[in-house]
Amino acid sequence: MNNYKEKFEKMRNAGNLAARTLDMIAENIKPGVSTDEIDKLGYEFIRDNGGFSAPLFYRGYKKSLCTSLNHVVCHGIPSDRALNDGDIVNIDVTAIVDNHHGDTSRMFCVGKTPVKAKNLINATYEAMMKAINILKPGIKLGDIGHEIQSYVEEKGFSVVKDFCGHGVSTKFHEAPNVLHYGKKDTGIELLPGATFTIEPMINSGKYEVKVLADGWTAVTKDKSLSAQFEHTLGITENGYEIFTESVKGYHKPPY
Ligand code: MF3
Ligand code: CO
Ligand code: CO
């Protein structure tokens with residue numbers, strides 16, 4: 001992959017806009033705010049800052065971001081549902097800037113969060129960061145999955161298997177699939193210039209999920225809580241770059 005520097009510059013711009021969108025949203029999370037209101041805030045912020053929201057019109061999706069509450073694993077659709085005290089919610093933003101995608105999500109806590117939910121959120125964030133910290137040329141995709149799976153299963157949580165991270169650049173979703181479970185030293189090797197997401201979905205109960213009749217909303221089968229964080233990343237000559245780092249230090253709750 002020669003001359004990936006130009007691609008990285010564009011990924012940096014797209015990733016930064018997605019991260020700043022979540023920073024703005026963090027300051028607007030409170031009981032009573034509906035997920036549709038969050039969707040509108042995200043749509044307008046991305047548009048006003050020179051980007052376009054990738055989910056909007058993607059495979060028939062009609063909103064600008066995903067809002068996954070409590071036992072929703074991913075792809076929760078914004079609605080008139082208001083955030084309530086004690087809710088946990090993942091907000092997943094993907095911005096397109098100059099034809100490149102920045103894809104990132106964080107968990108948010110509404111009002112007072114039960115300790116059990118906080119523990120799940122912390123473990124999910126740490127699992128993602130453990131996987132990110134090993135990134136460098138020559139590591140294999142299975143190494144990423146192994147970091148995440150071994151860490152969260154030790155804590156009694158489970159890794160969702162039906163959804164994974166993905167290559168991302170000029171396409172929203174491209175090869176390779178980045179599984180959040182797996183064995184060390186298996187799968188394809190990562191090389192400088194590779195750009196992809198790591199986005200573990202971790203359940204407090206069993207790993208099984210089902211998709212609701214709307215065709216999008218994925219929930220835990222046992223109705224246990226689920227958490228997720230996501231970064232868009234690139235492999236460099238000797239390590240990695242996170243394209244979607246918070247500008248305001250809003251890495252994980254409390255923000
Ligand atoms: N942002 C999600 C991901 O991490 C994909 C959302 S697709 C949508 O890959 F259409 F639901 F927005
Ligand atoms: Co993604
Ligand atoms: Co995403």
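Predicted model: local features only at pLDDT ≥ 70, side-chain atom pairs only at ≥ 80, totals over all residues.
Start with ligand 1. Ligand 1 sits in the largest pocket. There are 14 residues around the ligand. Pro55, Asp92, His173, Glu199 and Glu230 come nearest.

Now look at the oxygen atoms of the ligand. Glu199 has a side-chain N or O atom 2.8 Å from an oxygen atom of ligand 1. For His166, a side-chain N or O atom lies 3.1 Å from a ligand oxygen. Asp103 also places a polar side-chain atom 3.1 Å from an oxygen atom of ligand 1. How much of ligand 1 does the protein bury? Taken alone, the ligand exposes 340 Å², and the protein buries 97% of that.

His166 leads on to the strands. Strand 7 covers residues 165-167, and His166 stands opposite Asn177 in strand 8. The two strands run antiparallel and are joined by 3 bridges. Together, strand 7 and strand 8 form a hairpin, with 6 residues between them.

Strand 8 spans residues 174-178 and contains Pro176. Ala175 and Pro176 are joined by a cis peptide bond, with omega about 0°. Most peptide bonds are trans. A cis bond also links Pro253 to Pro254, again with omega near 0°. Pro254 lies in the segment after strand 15, which covers 240-242.

Another backbone feature is found at Asp98. This residue is in the loop between strand 4 (88-97) and strand 5 (100-109). Most residues other than glycine have a negative phi.

Turn next to a sheet. Strands of a sheet pair through backbone hydrogen bonds, either parallel or antiparallel. Here, 3 strands form an open sheet in the order 6-10-13, with antiparallel pairing. Which strands stand at the edges? They are strand 6 (158-159) and strand 13 (226-228). Each has a single partner strand, so one side of each is left without a neighbour in the sheet.

Follow one pairing in this sheet. Strand 10 covers residues 201-203 and is joined to strand 13 by 3 bridges. These two strands run antiparallel. Asn203 has Ser226 of strand 13 as its bridge partner.

Conventions
Residues numbered from 1 in each chain as written. Chains lettered and ligands numbered in written order. Heavy atoms only, no water. Near = heavy atom within 4 Å. Polar contact = N/O pair within 3.5 Å; in protein donor to acceptor, adjacent residues only side chain to side chain. Areas by Shrake-Rupley, 256 points an atom, 1.4 Å probe, with all protein chains shown as cover. 1 Å grid on protein atoms, 1.4 Å probe; cavity = no way out; pocket = protein on both sides within 12 Å on 5 of 7 lines; lining within 4 Å. Sits in = over half its atoms within 2 Å of the grid points. Pairing = 2+ DSSP bridges. Helix = DSSP H or I, 4+ residues; strand = E, 2+ residues; numbered from the N terminus.
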